[in-house]
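Okay, thanks for coming, everyone. Let me put the structure up and then walk you through the sheet and the salt bridges.

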Amino acid sequence: MHTSLKKPKPLSLHRIRYILGAIVSFPLLPIIIKQGKKIRSEVPQLPEATNPTGYVNLHANKTLQVIFIGESTFAGVGVATHKEGFTGVLAQHIADQYHVNVKWSAYAKSGYTARKMHKKLLPIIQETYADLIIIGAGGNDAFKLNHPIAWKRDMSDLIYDLRDKYMGTPIACTNMPPIKIFPAFTTTIKFVIGNLVEILGDELQSLTNSISQVYYNEERINAETWKDHLGAAPEINDLFSDGVHPSKLTYQLWAEDFMEFIKRKQIITIT
(Lines give C-alpha, C1' and ligand atoms only; values in the text may rest on other atoms or scores of the structure.)
Protein backbone atom coordinates (compact mmCIF):
# COMPACT_ATOMS: atom_id res chain seq x y z
CA MET A 1 0.00 0.00 0.00
CA HIS A 2 1.41 3.34 -1.04
CA THR A 3 0.76 6.60 0.78
CA SER A 4 0.43 9.62 -1.48
CA LEU A 5 2.29 12.72 -0.38
CA LYS A 6 1.04 16.21 -1.05
CA LYS A 7 3.33 18.21 -3.26
CA PRO A 8 4.66 21.19 -1.29
CA LYS A 9 3.46 24.58 -2.48
CA PRO A 10 6.15 26.71 -4.14
CA LEU A 11 7.36 29.65 -2.09
CA SER A 12 5.97 33.03 -3.05
CA LEU A 13 8.39 35.64 -4.37
CA HIS A 14 8.12 37.80 -1.26
CA ARG A 15 8.82 34.83 1.02
CA ILE A 16 11.86 33.97 -1.08
CA ARG A 17 12.86 37.62 -0.70
CA TYR A 18 12.46 37.32 3.08
CA ILE A 19 14.66 34.22 3.23
CA LEU A 20 17.38 35.86 1.14
CA GLY A 21 17.09 39.05 3.18
CA ALA A 22 17.39 37.09 6.44
CA ILE A 23 20.56 35.42 5.20
CA VAL A 24 22.08 38.78 4.27
CA SER A 25 20.83 40.56 7.41
CA PHE A 26 21.75 37.98 10.06
CA PRO A 27 25.42 39.10 10.35
CA LEU A 28 24.18 42.68 10.73
CA LEU A 29 22.01 41.99 13.78
CA PRO A 30 24.63 42.97 16.41
CA ILE A 31 25.15 46.25 14.54
CA ILE A 32 21.41 46.86 14.31
CA ILE A 33 20.91 46.23 18.04
CA LYS A 34 23.72 48.62 18.95
CA GLN A 35 22.52 51.30 16.55
CA GLY A 36 18.92 50.84 17.67
CA LYS A 37 19.84 51.49 21.30
CA LYS A 38 21.69 54.64 20.28
CA ILE A 39 18.74 55.89 18.23
CA ARG A 40 16.31 55.26 21.10
CA SER A 41 18.51 57.32 23.40
CA GLU A 42 18.73 60.20 20.93
CA VAL A 43 15.20 60.40 19.51
CA PRO A 44 12.93 62.50 21.77
CA GLN A 45 10.07 60.61 23.41
CA LEU A 46 7.08 62.48 22.05
CA PRO A 47 3.68 62.06 23.72
CA GLU A 48 0.58 60.70 22.03
CA ALA A 49 -1.96 63.26 20.81
CA THR A 50 -4.86 64.30 22.98
CA ASN A 51 -8.59 64.04 22.18
CA PRO A 52 -8.78 60.65 20.40
CA THR A 53 -12.45 61.10 19.55
CA GLY A 54 -14.16 63.70 17.46
CA TYR A 55 -17.22 64.80 15.56
CA VAL A 56 -17.15 66.64 12.24
CA ASN A 57 -20.52 68.35 12.09
CA LEU A 58 -21.55 69.63 8.66
CA HIS A 59 -25.21 69.68 9.73
CA ALA A 60 -25.82 66.98 7.14
CA ASN A 61 -28.69 64.50 7.16
CA LYS A 62 -26.37 61.50 7.52
CA THR A 63 -23.62 60.68 10.03
CA LEU A 64 -20.87 58.11 9.46
CA GLN A 65 -19.13 56.29 12.32
CA VAL A 66 -15.42 55.69 11.67
CA ILE A 67 -13.13 53.63 13.93
CA PHE A 68 -9.33 53.87 13.76
CA ILE A 69 -7.14 51.17 15.29
CA GLY A 70 -3.36 51.27 15.13
CA GLU A 71 0.10 52.08 16.39
CA SER A 72 1.89 55.38 17.13
CA THR A 73 0.86 57.17 13.92
CA PHE A 74 -2.80 56.56 14.74
CA ALA A 75 -2.04 57.64 18.31
CA GLY A 76 -1.01 61.00 16.84
CA VAL A 77 2.61 61.01 17.97
CA GLY A 78 4.15 64.15 16.49
CA VAL A 79 1.17 66.50 16.87
CA ALA A 80 -0.63 67.95 19.86
CA THR A 81 -4.17 66.78 19.13
CA HIS A 82 -5.77 64.13 16.96
CA LYS A 83 -7.53 66.85 15.02
CA GLU A 84 -4.10 67.72 13.56
CA GLY A 85 -3.13 64.09 13.01
CA PHE A 86 -4.07 61.46 10.45
CA THR A 87 -7.32 60.46 12.18
CA GLY A 88 -8.80 63.93 12.53
CA VAL A 89 -7.67 65.17 9.13
CA LEU A 90 -9.00 62.07 7.34
CA ALA A 91 -12.33 62.36 9.17
CA GLN A 92 -12.61 65.94 7.91
CA HIS A 93 -11.81 64.81 4.34
CA ILE A 94 -14.47 62.09 4.49
CA ALA A 95 -17.05 64.58 5.73
CA ASP A 96 -16.20 67.09 3.01
CA GLN A 97 -16.03 64.49 0.23
CA TYR A 98 -19.35 62.79 0.96
CA HIS A 99 -21.18 65.74 2.54
CA VAL A 100 -21.87 63.85 5.77
CA ASN A 101 -21.18 64.29 9.46
CA VAL A 102 -18.41 62.04 10.76
CA LYS A 103 -18.14 60.69 14.28
CA TRP A 104 -14.76 59.07 14.83
CA SER A 105 -12.71 57.32 17.52
CA ALA A 106 -9.04 56.33 17.59
CA TYR A 107 -7.89 53.26 19.50
CA ALA A 108 -4.11 53.30 19.18
CA LYS A 109 -0.95 52.91 21.22
CA SER A 110 2.71 53.59 20.59
CA GLY A 111 4.78 50.42 20.31
CA TYR A 112 1.84 48.12 19.60
CA THR A 113 2.22 45.30 17.09
CA ALA A 114 -0.71 43.78 15.22
CA ARG A 115 -0.92 41.09 17.88
CA LYS A 116 -1.16 43.66 20.70
CA MET A 117 -3.78 45.62 18.79
CA HIS A 118 -5.84 42.45 18.54
CA LYS A 119 -5.39 41.45 22.18
CA LYS A 120 -5.47 44.84 23.91
CA LEU A 121 -7.25 47.37 21.71
CA LEU A 122 -10.05 45.43 20.06
CA PRO A 123 -11.64 44.45 23.43
CA ILE A 124 -11.88 48.09 24.55
CA ILE A 125 -13.61 49.44 21.44
CA GLN A 126 -16.88 50.87 22.71
CA GLU A 127 -18.77 51.44 19.48
CA THR A 128 -21.35 48.81 18.62
CA TYR A 129 -21.63 49.97 15.01
CA ALA A 130 -19.25 51.33 12.38
CA ASP A 131 -19.49 52.48 8.77
CA LEU A 132 -15.73 52.20 8.21
CA ILE A 133 -12.77 50.74 10.11
CA ILE A 134 -9.23 51.87 9.32
CA ILE A 135 -6.16 49.95 10.50
CA GLY A 136 -2.63 51.38 10.68
CA ALA A 137 -0.02 48.75 11.47
CA GLY A 138 3.32 47.31 10.35
CA GLY A 139 6.00 49.60 11.76
CA ASN A 140 6.39 47.93 15.14
CA ASP A 141 6.18 44.43 13.67
CA ALA A 142 9.10 45.37 11.42
CA PHE A 143 11.08 46.99 14.27
CA LYS A 144 10.66 43.82 16.32
CA LEU A 145 11.75 41.70 13.31
CA ASN A 146 8.54 39.69 13.44
CA HIS A 147 8.33 36.92 10.87
CA PRO A 148 6.07 37.69 7.87
CA ILE A 149 4.02 34.52 8.45
CA ALA A 150 3.40 35.49 12.10
CA TRP A 151 2.51 39.03 10.99
CA LYS A 152 0.02 37.73 8.43
CA ARG A 153 -1.55 35.46 11.06
CA ASP A 154 -1.85 38.32 13.57
CA MET A 155 -3.37 40.66 11.00
CA SER A 156 -5.75 37.91 9.93
CA ASP A 157 -6.87 37.40 13.54
CA LEU A 158 -7.43 41.14 13.97
CA ILE A 159 -9.32 41.57 10.72
CA TYR A 160 -11.54 38.52 11.11
CA ASP A 161 -12.46 39.40 14.69
CA LEU A 162 -13.32 42.92 13.56
CA ARG A 163 -15.46 41.41 10.81
CA ASP A 164 -17.26 39.25 13.37
CA LYS A 165 -17.92 42.27 15.57
CA TYR A 166 -18.86 44.64 12.74
CA MET A 167 -20.44 42.47 10.06
CA GLY A 168 -20.59 44.12 6.66
CA THR A 169 -18.34 47.03 7.62
CA PRO A 170 -15.52 47.74 5.15
CA ILE A 171 -11.99 47.67 6.57
CA ALA A 172 -9.14 49.67 5.04
CA CYS A 173 -5.47 49.23 5.92
CA THR A 174 -3.07 52.13 5.41
CA ASN A 175 0.29 52.08 3.68
CA MET A 176 3.34 50.61 5.34
CA PRO A 177 5.54 53.25 7.04
CA PRO A 178 8.35 54.57 4.77
CA ILE A 179 11.17 53.32 6.97
CA LYS A 180 13.75 53.68 4.21
CA ILE A 181 13.49 57.47 4.40
CA PHE A 182 13.39 57.89 8.21
CA PRO A 183 16.07 60.55 8.93
CA ALA A 184 16.86 59.14 12.38
CA PHE A 185 17.76 55.69 11.05
CA THR A 186 21.16 54.52 9.88
CA THR A 187 21.76 53.05 6.44
CA THR A 188 21.99 49.55 7.94
CA ILE A 189 18.66 49.84 9.77
CA LYS A 190 16.97 51.35 6.72
CA PHE A 191 18.17 48.39 4.66
CA VAL A 192 17.15 45.61 7.04
CA ILE A 193 13.97 47.04 8.59
CA GLY A 194 12.97 48.88 5.44
CA ASN A 195 13.10 45.72 3.35
CA LEU A 196 11.23 43.76 6.01
CA VAL A 197 8.37 46.25 6.23
CA GLU A 198 7.93 46.01 2.45
CA ILE A 199 7.70 42.23 2.74
CA LEU A 200 5.09 42.62 5.48
CA GLY A 201 3.19 44.81 3.06
CA ASP A 202 3.30 42.05 0.44
CA GLU A 203 1.86 39.61 2.97
CA LEU A 204 -0.89 42.07 3.92
CA GLN A 205 -1.78 42.57 0.28
CA SER A 206 -2.05 38.81 -0.18
CA LEU A 207 -4.31 38.60 2.88
CA THR A 208 -6.61 41.47 1.99
CA ASN A 209 -6.98 40.29 -1.59
CA SER A 210 -8.58 37.14 -0.23
CA ILE A 211 -11.23 38.87 1.93
CA SER A 212 -14.18 40.80 0.58
CA GLN A 213 -14.56 44.43 1.66
CA VAL A 214 -11.05 44.52 3.11
CA TYR A 215 -8.58 46.84 1.40
CA TYR A 216 -4.88 47.67 1.64
CA ASN A 217 -3.16 50.67 0.09
CA GLU A 218 0.01 49.04 -1.20
CA GLU A 219 1.38 52.30 -2.63
CA ARG A 220 4.71 53.15 -1.01
CA ILE A 221 4.92 56.55 0.63
CA ASN A 222 7.55 58.64 -1.12
CA ALA A 223 8.34 62.31 -0.60
CA GLU A 224 8.66 62.74 -4.35
CA THR A 225 4.98 61.88 -4.84
CA TRP A 226 4.00 64.95 -2.82
CA LYS A 227 5.54 67.47 -5.20
CA ASP A 228 2.16 68.12 -6.80
CA HIS A 229 0.65 68.85 -3.39
CA LEU A 230 3.20 71.45 -2.40
CA GLY A 231 4.59 72.74 -5.68
CA ALA A 232 8.03 71.49 -4.62
CA ALA A 233 9.47 68.50 -2.79
CA PRO A 234 9.62 69.19 0.97
CA GLU A 235 12.87 68.82 2.86
CA ILE A 236 13.05 65.37 4.43
CA ASN A 237 13.20 66.79 7.96
CA ASP A 238 9.98 68.72 7.32
CA LEU A 239 8.17 65.40 6.98
CA PHE A 240 9.12 64.07 10.42
CA SER A 241 8.54 65.42 13.91
CA ASP A 242 11.42 63.51 15.49
CA GLY A 243 13.15 61.69 12.65
CA VAL A 244 10.73 58.75 12.95
CA HIS A 245 7.13 59.93 13.39
CA PRO A 246 5.21 62.10 10.91
CA SER A 247 5.05 65.85 11.23
CA LYS A 248 1.81 67.79 11.04
CA LEU A 249 2.51 68.36 7.33
CA THR A 250 2.99 64.64 6.68
CA TYR A 251 -0.20 63.68 8.52
CA GLN A 252 -2.08 66.13 6.29
CA LEU A 253 -0.53 64.83 3.07
CA TRP A 254 -0.93 61.19 4.10
CA ALA A 255 -4.60 61.68 5.00
CA GLU A 256 -5.22 63.43 1.67
CA ASP A 257 -3.58 60.56 -0.22
CA PHE A 258 -5.55 57.96 1.72
CA MET A 259 -8.77 59.83 0.97
CA GLU A 260 -7.93 59.41 -2.72
CA PHE A 261 -7.46 55.68 -2.11
CA ILE A 262 -10.87 55.44 -0.43
CA LYS A 263 -12.48 57.21 -3.37
CA ARG A 264 -10.62 55.12 -5.98
CA LYS A 265 -11.62 51.84 -4.36
CA GLN A 266 -15.16 53.08 -3.68
CA ILE A 267 -14.83 51.92 -0.07
CA ILE A 268 -17.55 54.27 1.19
CA THR A 269 -21.04 54.05 -0.27
CA ILE A 270 -23.60 56.66 0.70
CA THR A 271 -27.22 55.51 0.39
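So, to start: what separates K263 and E260 in helix α9? About one helical turn, because they are three residues apart in that helix. The two form a salt bridge, with the closest N and O atoms 3.3 Å apart. By salt bridge I mean a side-chain nitrogen of Lys or Arg within 4 Å of a carboxyl oxygen of Asp or Glu. K263 is partly exposed at 29% relative accessibility, and E260 is partly exposed at 39%. For the cut-offs there, buried is under 20% relative accessible area, exposed is over 50%, and partly exposed is in between, with a 1.4 Å probe and protein chains only.

Quick housekeeping. This is a predicted model, where local features need pLDDT of at least 70 and side-chain atom pairs count only at pLDDT 80 or more, while totals for chains, interfaces and linings use all residues. Residues are numbered from 1 along each chain as its sequence is written, and side-chain values use heavy atoms, with hydrogens and water left out.

Helices (H or I, at least four residues) and strands (E, at least two) are DSSP runs numbered from the N terminus, and two strands pair if DSSP finds at least two bridges between them.

Inside the sheet, β2 (residues 63–70) pairs with β4 (residues 132–136) in the parallel sense, over five bridges. V66 stands opposite L132 in β4.

Back to salt bridges: the structure holds seven. One of them joins the side chains of K109 and E48, at 4.0 Å, N to O. K109 sits in the loop between β3 (101–108) and α4 (114–121), and E48 in the loop between α2 (29–42) and β1, so this pair ties together parts 61 residues apart in sequence.

Another joins E84 and K248 at 3.6 Å, N to O. E84 is in the loop between β2 and α3 (86–98) and K248 is in helix α9 (residues 248–265), so here the tied parts are 164 residues apart in sequence. E84 is partly exposed at 26%, and K248 likewise counts as partly exposed, at 40%.

Last one: K180, E198 and R220 are linked in a network of salt bridges.
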